[in-house]
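Have a go at each task before reading its solution.

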Amino acid sequence: MITVPLYALLIVYAIFLFVFFTFFIINFWHIFLTGTTNFNSFVVTMLVIILSVLTFYGTWYFLRGTDWQQPLFTLNLSNFSNLFQPGGNNNEFLNF
Amino acid sequence: MSLSNIINQKSYEKIVRTCRRHPVTFVPYVIFSLLLLIAPLGLYWLVSESSLLPYFQTRTGWTIVVLGGSIYYLSCFLFFYTHFVTFHLDLWIVTNDRLLDMEQKGLFHRTISEVDLYQIQDASSEVHGVFPSIFHYGNIILQTAATVPKFTFKNVSNPDQLREEILHLAAEDRKFHNQHNDNTPPTP
């Protein structure tokens with residue numbers, strides 16, 4: 001029996017954030033490196049930053065009371081071992 | 001670093017004009033991004049009508065929805081920003097010596113081509129369509145004697161005015177090259 005806690009989702013989210021920030025910096029660096037900064041690029045960059053910050057704040061606000069230790073799902077490994085045996089119970093691998 | 005470094009600006013060379021596609025051509029991306037932003041409302045309606053709703057009302061379901069929504073919206077912002085950068089860096093540079101086409105085809109794909117002004121043989125501009133006619137943007141097609149036979153400015157503002165400006169600069173450059181009949185650089 002393996003219990004996957006809810007904070008596993010945070011790990012996935014952290015990986016996404018790493019990709020997000022990497023691409024954001026690459027985009028910003030492209031503008032900065034080519035010396036093409038102007039009013040439009042400033043406005044769009046600020047818009048994206050403000051919207052991203054609002055999204056982070058919203059995410060934190062809606063999840064601030066979450067108990068991250070509670071189980072996300074339980075993986076019942078004993079059912080895997082019975083998978084190829086006749087009469088084995090193969091209906092409940094995941095218990096949400 | 002600046003634009004001068006990227007185009008290896010020569011000492012005698014000065015940038016006369018930089019052109020981008022007309023801002024109106026970016027509007028479809030803005031509309032598409034807005035549609036992406038409101039799409040979760042439709043998904044919410046679908047879920048609220050389905051039997052999945054009780055699951056999403058649990059603490060676990062709610063956490064998945066919030067984190068999933070956060071990932072979705074951040075991806076939308078990144079999508080918009082990446083397209084803006086591609087649009088922003090897709091530009092044409094007119095100097096007193098040459099024309100440069102910096103084409104940003106993707107985040108990691110840039111092509112820079114150039115042609116000397118004196119090699120321009122013919123220039124034509126076209127404004128084709130309803131929106132180009134309303135907002136005064138279009139293409140300039142330049143025939144050259146260089147290795148790049150055709151040089152196109154796509155969807156630039158006031159193409160007629162720009163074509164005349166390029167032809168004037170080309171005539172000046174050609175005059176200089178005819179006078180000197182060598183490859184010494186023109187004085188600004």
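**Exercise 1.** Which helix gives the most to the lining of the largest pocket?

*Solution.* Start with the ground rules: this is a predicted model, where local features need pLDDT of at least 70, side-chain atom pairs count only at pLDDT 80 or more, and totals for chains, interfaces and linings use all residues. Residues are numbered from 1 along each chain as its sequence is written, chains are lettered from A in the order in which they are written, and side-chain values use heavy atoms, without hydrogens or water.

Next, the terms. On a 1 Å grid over the protein atoms alone, a pocket is an open set of points where a 1.4 Å probe fits, with protein on both sides within 12 Å along at least five of seven lines; lining residues have an atom within 4 Å of a point. Helices are DSSP runs (H or I, at least four residues), numbered from the N terminus.

Now the answer: α4(B) gives the most, with 9 residues. At least two lining residues each also come from α2 (39-62) of chain A and from α2 (27-49) and α3 (53-56) of chain B.

**Exercise 2.** Describe the residues that line this pocket.

*Solution.* The lining has 24 residues, and Pro40(B), Tyr44(B), Val65(B), Val66(B) and Gly69(B) lie nearest the pocket's centre. Sort the lining by type and you get 17 nonpolar (Ala, Val, Leu, Ile, Met, Phe, Trp, Tyr, Cys, Pro), 7 polar (Gly among them) and no charged (Asp, Glu, Lys, Arg).

**Exercise 3.** Check how far α2(B) spans.

*Solution.* The expected span is 1.5 Å times one less than the number of residues.
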